[in-house]
Amino acid sequence: MPELPEVEVVRTGLERWVCGRTVASVEVLHPRAVRRHPAGPEDFAARLTAHRLGPARRRGKYLWLPVEPLGTDAAPEFAVLAHLGMSGQLLVQPQGSPDEKHLRIRFRFTDPAGTELRFVDQRTFGGLSLHPVVPGDPEALPEIIAHIARDPVDPAFDDDAFHAALRRKRTTIKRALLDQSLISGVGNIYADEALWRTRLHYDRPTAGLTRPRTAELLTHIREVLNEALAAGGTSFDSLYVNVNGQSGYFDRSLDAYGREDEPCRRCGTPIRRRPWMNRSSYFCPRCQRPPRVTG
């Protein structure tokens, strides 16, 4: 699944190529791509036509575009929320260029720029939908994701509140990092990378974390996310791309994730992989000692 850096790369592309443009028409080529919009494909297209797409926004892994009414200063009442799923792509393509094999939705615009926005999704797990926004929210946050916490690269993220929440939660650290109500934007890959840098085992209980230890973890999370952002995100195949179809390459810099049996870059011990919540956790058994079992 795409994580914060991949989604942010897409957001910046939309900001440059799509935001501020007025929708001329929307073509839904596969109804599953708008299945999260209960009113159906026709309503989805009709509500967007002749409206302007506002500044691209992101919270954690969630991406949305406020829909602004034309000819008025009224605040947006709804937004397009993008669910990229496992293979969703938002691509800006020249009008008239060949359709992608898995093209699901096409946006055409009223201006003469000559490009269109396409939603392409090989596995059809993702999709686009329209949702009311939180009244008065300056970012036009869709109500459906209002429960999602801010991410650690958001200037409004509260480090002290996060530490207090960790101590109250009484869970294990990797579970906490993937809990979107506590902290957003950190998925399986970047959690393993930050924990390796902090020398924390993924099953370490959160209740025992000191404030300095939490601060160290947040520092490494931000480092990993910002490094991945600079590299364009993590791409293991052609599915994770920006709006121009270019893959990221941060996977070349991973220290833990996907490196089973390879030597730890810090101590030389082979990296181990363990099944974890229908995923895998990668860690160094020497640098990231498992917690002691008491009882």
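This is a predicted model: local features need pLDDT of at least 70, side-chain atom pairs count only at pLDDT 80 or more; totals for chains, interfaces and linings use all residues.
The buried residues of helix α1 pack against strands β3 (57-59), β4 (62-68), β6 and β8, and against helices α5 (188-198) and α6 (211-231).

**Helix α1**
- Helix α1 covers residues 4-17, and its 14 residues reach 20 Å from the first C-alpha to the last, close to the 20 Å expected at 1.5 Å a residue.
- Because 10 of its 14 residues are buried, α1 is largely enclosed by the rest of the structure.
- Among those buried residues are Leu-4, Val-7, Val-10, Arg-11 and Leu-14.

**The four-stranded sheet**
- An open sheet lines up four strands in the order β1-β7-β8-β6, with antiparallel pairing.
- Strands β1 (23-28) and β6 (88-94) are at the edges with a single partner strand each, so one side of each has no neighbour in the sheet.
- Neighbouring strands here are turned by 20° against each other on average, direction ignored.
- Strands β7 (residues 103-109) and β8 (residues 115-121) run antiparallel and are joined by four bridges; Leu-103 stands opposite Val-120 in β8.
- Helix α2 (residues 41-48) packs on the sheet, where it touches β1 and β7, and its direction makes about 170° with that of β1.

**The nonpolar cores**
- In soluble globular proteins, nonpolar side chains tend to be buried together.
- The largest nonpolar core here has 30 residues, and Leu-14, Phe-44, Leu-48 and Phe-107 are among those with the most contacts inside it.
- Beyond its neighbours within four places in sequence, Leu-48 is in contact with residues including Val-23, Val-26, Phe-107 and Leu-130.
- Another core, of 29 residues, lies apart from the largest one and includes Ile-173, Leu-177, Tyr-190 and Leu-200.

Notes: Residues are numbered from 1 along each chain as its sequence is written. Side-chain values use heavy atoms; hydrogens and water are left out. Two strands pair if DSSP finds at least two bridges between them. Helices (H or I, at least four residues) and strands (E, at least two) are DSSP runs, numbered from the N terminus. Axes are lines fitted to C-alpha atoms, for helices over the stretch in contact, and angles run from 0 to 180 degrees between N-to-C directions. Contact means heavy atoms within 4.5 Å. A nonpolar core is a set of buried Ala, Val, Leu, Ile, Met, Phe, Trp, Tyr and Cys residues joined through side-chain atoms within 4.5 Å. Buried means under 20% relative accessible area, exposed over 50%, partly exposed in between (1.4 Å probe, protein chains only). The expected span of a helix is 1.5 Å times one less than its number of residues.
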